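This briefing covers a predicted model.

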Amino acid sequence: MSLVTVAKKEYLENVRNAWVIAVTVVFLALTLLASAFSAASETAANGAVGFAKIGPTLNVMDTLSGFMLPILALMLGFGAIAGERESGSLGLLMAQPLRRSDIVIGKWLGLFAVLGTATILGFGLGGLFVLARSGGTGADFGTLLLFVLETLAWGAAWTSVTLFLSAWFDRRGTAIAGSIGTWFFFSTLVWNLVVFLVILATLRDRLGSGRSGLLPNWMIVTQWLNPNAAYEGLASTTISGFSGFVAFIGRSAMPDVWKAEWFGLALAAWIVVPFWGAYALFHRKDA
Amino acid sequence: MSGIDDGFARSSLVSAVLQTQGLVKAYRGVRAVDDVSLAVEKGEIFGFLGPNGAGKTTTLRLLMGLARPDAGTARIRGIDPLAAPQIAHDRIGFLPETLNFYKTLSGRQTLRFYAELKGLRAEHADEALALVGLQQAADKRVGEYSRGMTQRVGLAQALMGEPEILILDEPTGGLDPLAHRQVKDLLRERNRKGVTILFSSHILSEVEELAHRVGMLRKGQVVAQDTVANLRNRMGLRGALVLTLQNASPAIAYEVQQIHGVASATLQGDRLVVVCDNALRFDVAKRVEEAGGRVVNMETQEASLEDVFVNLAQGGSVR
């Protein structure tokens, strides 16, 4: 099947990328480090030595990977279409007996497979190691599995975002610039500012029923407008012990609409909508 | 040179395997392709001629559906390549003008990738490698290939799996003279087996040598579409043979002049310039030897492409 051929090529081309290998190693190292750090704080509390339980480990992993995974996705994908369009290899690819959709879906699958490999190797294997060392139970294993699955969904969302950017821009240079801009917006200071405003919005509940909030209620939906936030929200609402931004707000103060279903739906939308956009752009533009 | 006359070609437009109708494509307000209608018949070699920047590449890209026309249509075996590329591109060998492959893949991996996309087995890719003489470099990364080797990969990709139609944008680009010859022989051989070939070139002699019919493009417009013989006759342009002789003499020049079809044979030092059709070159060489001449070198001088276009522009062609 041609779609699989495109995916395979995309995977093979990228999996040898030195950056991908480096980031996977960093993922793995972070997982182990995260466990050790969490352990250090627990040691202070109850005297146990070694690797921490999976819950606290996941929290530290999430904090560290919060900007790593999007970077990896963007690094892998920015050239997927823009690079081929600029070099001219896209023309030859489009001249093969393929549907346009075969090309876009194939590229998505190939990129996601690379990202998935890094996630599973880094977080999955690292997590299993931590579980083994800390004497994890079946429930802990389930927690890890859920975490990895949710992280894969998050990776899928970023795969769609990066493919969209690559379809939008015509050159590698502008695609890089657009990717860096996107990363700055969603993964760093800019978004933290948005989150800060959201926290202010939720303060109303803490200040008591009689008072109105500092910011309008609808601000809470912004948590669905960032794949990172949607992922964090999903993890916070499905994995006990995982805090994310809940730590700032408090579980009891979370708005009613911050439910696993809605975060899950938001993350699904982040997979589907940018992918559809990438396909529409690809279909419309010349090779 | 060609058995297809113009009248036949026009009357059988409906049977064209490759066809464009009124294609228009503008970039930043400038029409790169301006109302281009071409028809390539099954089994013929169609040469697409024009100077660089005339719109040949854009036309071929529009024909393949790699770009969307602002107006007009393109059809491959009657199928719109934009609507159904998976059907339109089946059993089509395409060579684009700018060739770039995936730099980290080897030549073999590259060709296997395209073979898989075309639904061919891996052996077809290896056969194609051998066909263009790349076996030795097969496992080197394409990123390390020279311009000529890259062109060979491009040709191998287009030729593999015996496609029934070849659409080649400057097939001899970046190749050395020996490889030029091999490519031309290869295309002729494929054509004998029934393959329809549309190729572009800015080299008149190449088109003249290979093509049954020619489409000439200038500034995005088709200025002529006819058989090579008809075009030459209509423009009244003839090439010349230049023979370098070891023992040039007026007697030899005189003998050559007696050949039917030779317009003139003049001596310039040790060089004999014979104005005649290129097809007569063997007769000329034979007659020279018979007259006791020893040919050291022989080359053909074509009416340059520029001459042809100047002629066309002056309306002299529409005789």
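The pLDDT is the predictor's confidence in each residue, on a scale from 0 to 100. For chain B of this predicted model, the mean pLDDT is 87, with 88% of the residues reaching 70 or more.

**Confidence**

- For the complex as a whole, the predictor gives an ipTM of 0.81, together with a pTM of 0.80.

**Chain A**

- Chain A has 287 residues, of which 46% count as buried.
- When contacts in chain A between residues at least 6 apart in sequence are considered, 77% of them join residues at least 24 apart.

**Where the chains touch**

- The contact between the two chains involves 21 residues of chain B and 18 residues of chain A.
- On the side of chain B that touches chain A, the elements giving two or more residues are helix H2 (56-64), helix H3 (85-88) and helix H4 (107-117) of chain B.
- H4(B) provides the largest share of that side of chain B, namely 4 residues.
- By residue class, the side of chain B that touches chain A divides into 11 nonpolar, 5 polar and 5 charged residues.

Conventions:
Residues numbered from 1 in each chain as written. Chains lettered and ligands numbered in written order. Predicted model: local features only at pLDDT ≥ 70, side-chain atom pairs only at ≥ 80, totals over all residues. Contact = placed C-beta atoms within 7 Å. Nonpolar A, V, L, I, M, F, W, Y, C, P; charged D, E, K, R; others polar. Buried ≥ 20, exposed ≤ 12 C-beta atoms within 10 Å, placed from the backbone.
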